[in-house]
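Good morning, and thank you for making time for this item. I shall go through selected local features of one structure, which is now on the screen.

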Amino acid sequence: MDTQFTRRDFIKTSTILAAGLTMGFKITNKFDTIIKNGTIINGSGQKLFKSDIGIIGDKIAAIGDLQSSSADLIIDAAGKMVSPGFIDIHTHTDVELLVNPSGDSKLRQGVTTEVAGNCGSSPFPYLKEDAEDSSKHLKENYGIETYWESIEGFYKELENKKTAINYASFTGHGDLRAFVMGRNDVPPTSVQLEQMKQVLEDTIKNGSFGLSTGLEYAPGSYAKTDELIELAKVCAKYGTLYNTHMRNEDDTLIEAIQEALDICKSSGASLEIAHLKTCNPANWHKIDKVLEMIEQAKYEGLPVTADRYPYIAYGTGLSQFLPLWSRQGEGKEIIARLKDSSLTPKIKEYSDSRGKRLGGWQNIVISNVDTAKNKEFEGKNIIECAAIRNMDPLDFIIQILIEEDLSVGMVGFAMNEENLKRFLNHPMVMIGSDGNATSPLGKLGEGKPHPRYYGTFPRVLGKYCREEKIFGWETAISKMTSMPAEKLGLRNRGLLKENYIADVVVFNPDTIIDKATFVDPKQFAVGIDCVFVSGMLTINNGEFTGKYNGKVIRKS
């Protein structure tokens with residue numbers, strides 16, 4: 001049955017008799033919205049049940065039999081499932097919402113809250129020159145005139161723009177380190193470390209949900225464990241997270257897990273391990289040890305969880321195939337090293353070892369570039385790209401990084417399906433896309449991004465829940481809703497519960513599925529009928545209603 005709605009579908013005067021429907025509201029038979037006849041998955045893991053939901057303003061006002069009640073808007077959810085809005089705990093969305101405030105690729109998946117600032121990168125704190133570079137980029141590429149340096153400034157820009165989805169963020173350690181001490185491989189002085197701790201504290205006081213690290217990326221990779229422990233202590237002080245893209249996810253994965261657990265234990269901060277995985281065939285067997293380590297940590301009382309996306313390929317920048325020493329400093333310094341023929345053998349030696357460990361350059365696909373002349377390489381693997389230019393793959397990598405000013409996106413096929421299923425199904429692992437809220441239209445529609453940008457949550461529900469049955473609906477939804485809400489400390493989101501914020505998804509359990517592929521990623525998922533953001537119908541019958549009711553969510 002198609003989802004239907006009418007204004008004041010029916011008006012009756014009988015009062016609500018079901019118990020427990022007051023929830024701080026006066027007993028009423030009139031709601032702004034009623035979602036009727038749906039199968040409720042409330043997000044807690046509780047068994048699904050049939051019920052109606054009444055919404056007043058931005059809150060869930062009643063859950064029960066509302067057949068004798070009226071509303072301005074009636075959604076008939078017969079044959080559909082009704083859940084809390086999905087909370088994407090691992091995203092890289094920031095300026096995309098200034099360019100396209102609807103956040104199309106996520107909103108149409110049922111995502112109502114983006115949690116960004118991951119992997120050590122956030123759009124704050126900025127030095128004046130970094131803020132000016134960001135402002136120039138936005139004006140030249142998107143025609144947007146804006147400027148900010150701080151978390152408060154960025155949040156103000158989002159609130160002025162008005163977004164269709166909610167937004168929260170971590171503070172990126174890489175940007176924090178660059179703000180205080182630059183982008184080179186040096187340890188902080190005691191004064192610099194105290195300054196980093198103070199700036200982190202200031203961002204948390206202004207709404208950040210903690211610190212994220214990207215320990216495979218410069219300049220965050222230059223930090224030693226003791227620096228990270230000291231910063232994580234600030235997170236512990238304010239009840240926020242230490243969220244880490246670990247130092248390694250392949251050959252020294254076990255050591256990286258241990259470092260993350262040591263930081264958690266020494267600092268007292270709640271630990272979130274980003275996109276938990278075992279990369280490259282030689283390391284796939286390490287999954288048993290990885291799971292044993294985090295389970296033991298939880299048994300010992302450490303607050304440890306992880307997130308994962310439902311794909312066997314990762315996405316990052318091609319510059320990650322350069323050795324760390326060559327990635328120091330500003331972009332122009334890195335490019336100068338790439339042009340220095342005396343350094344080429346050392347760079348190639350490192351890159352070649354990375355490619356071999358991955359299984360060969362055919363497993364690396366170029367996802368996006370900036371310049372028109374290199375667009376032909378998007379969607380092709382490195383072997384194919386090198387052949388077009390009649391070059392060695394390593395020479396091609398260096399050349400295209402120079403030509404694109406280091407801005408080359410890539411997708412790497414490094415994982416296997418059985419390990420993916422085990423991670424997704426693990427009770428300590430929730431769902432995070434590791435992707436941006438983007439759009440197939442305009443400048444954001446360029447390139448071939450990882451399909452997780454468009455398909456993560458429907459893929460989990462359609463492929464891994466309905467088709468492969470690795471878990472039930474209740475478990476799948478909890479991994480997208482109450483688990484991230486609890487981890488972040490969002491006390492009024494993540495559940496269908498009276499007096500909670502009315503972020504709600506109505507989806508068809510028979511048809512929900514991702515459509516995005518690695519070859520053709522810019523395809524919206526299907527089966528998401530309705531999405532409410534803070535009580536407002538934002539997706540109806542799969543289409544955007546033009547309503548912008550998203551909020552900037554600050555850590556209180």
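Let me begin with a definition: a residue counts as exposed when its relative accessible area is over 50%, and as buried when that value is under 20%. Please also keep in mind that this is a predicted model.

With that cut-off, consider K469. Its relative accessible area is 62%, so K469 is exposed. The residue lies in the loop between α15, residues 452-467, and α16, residues 473-480. Although K469 is not a glycine, its phi is positive, at about 55 degrees.

N280 also has a positive phi without being a glycine, here about 75 degrees. Is N280 buried or exposed? Its relative accessible area is 4%, and therefore N280 is buried. Its place is in the loop between β12, residues 270-273, and α9. A further positive phi, near 70 degrees, belongs to K162, the residue that follows α4.

Helix α4 itself spans residues 151-161, and its buried residues are I151, G153, F154, Y155 and L158. What do these residues pack against? Their partners are α1 (96-99), β8 (166-169) and α6 (190-205).

I turn next to a helix pair. Helix α9, residues 287-299, and helix α14, residues 417-425, have axes that come within 11 Å and cross at roughly 10 degrees. Because of that angle, α9 is roughly parallel to α14. On the α9 side the contact is made by I287, D288, V290 and L291, and on the α14 side by N419, R422 and F423. Sorted by class, this contact of α9 with α14 has 4 nonpolar, 1 polar and 2 charged residues.

F396 lies in helix α13, residues 393-403, and is buried, with a relative accessible area of 0%. Which residues does F396 touch, if those up to four places away in sequence are not counted? They are F377, I382, C385, A386, R389 and M391. For A386, which is 10 residues from F396 along the chain, the C-alpha separation from F396 is 5.6 Å.

The bond from F124 to P125 is cis, with omega near -10 degrees, and P125 is placed in the loop between β7 (111-116) and α3 (128-142). The bond from A218 to P219 is likewise cis, with omega near 5 degrees, and P219 lies in the loop between β10 (210-214) and α7 (225-237).

How many cavities of 30 Å³ or more does a search of the whole structure find? The search finds 1. The largest cavity has a volume of about 50 Å³. Its lining includes P84, G85, T112, T113, R493 and D503, and by class the lining has 4 nonpolar, 5 polar and 2 charged residues.

The second largest pocket has a volume of about 360 Å³. It is lined by 13 residues, and V304, T305, M483, E486 and K487 lie nearest its centre. Both β13 (304-308) and α17 (482-488) supply at least two residues of this lining, with the largest share, 3 residues, coming from α17. The class count for this pocket is 7 nonpolar, 3 polar and 3 charged residues.

Thank you for your attention.

Key:
Residues are numbered from 1 along each chain as its sequence is written. This is a predicted model: local features need pLDDT of at least 70, side-chain atom pairs count only at pLDDT 80 or more; totals for chains, interfaces and linings use all residues. Side-chain values use heavy atoms; hydrogens and water are left out. Axes are lines fitted to C-alpha atoms, for helices over the stretch in contact, and angles run from 0 to 180 degrees between N-to-C directions. Helices (H or I, at least four residues) and strands (E, at least two) are DSSP runs, numbered from the N terminus. Angles under 35 degrees count as roughly parallel, over 145 as roughly antiparallel, 65 to 115 as roughly perpendicular and the rest as oblique. Contact means heavy atoms within 4.5 Å. Ala, Val, Leu, Ile, Met, Phe, Trp, Tyr, Cys and Pro count as nonpolar, Asp, Glu, Lys and Arg as charged, and the others, Gly among them, as polar. Buried means under 20% relative accessible area, exposed over 50%, partly exposed in between (1.4 Å probe, protein chains only). On a 1 Å grid over the protein atoms alone, a cavity is a set of points where a 1.4 Å probe fits but cannot get out, and a pocket is an open set with protein on both sides within 12 Å along at least five of seven lines; lining residues have an atom within 4 Å of a point. Grid points are joined across faces, edges and corners, and a volume is the space filled by probe spheres set on the points.
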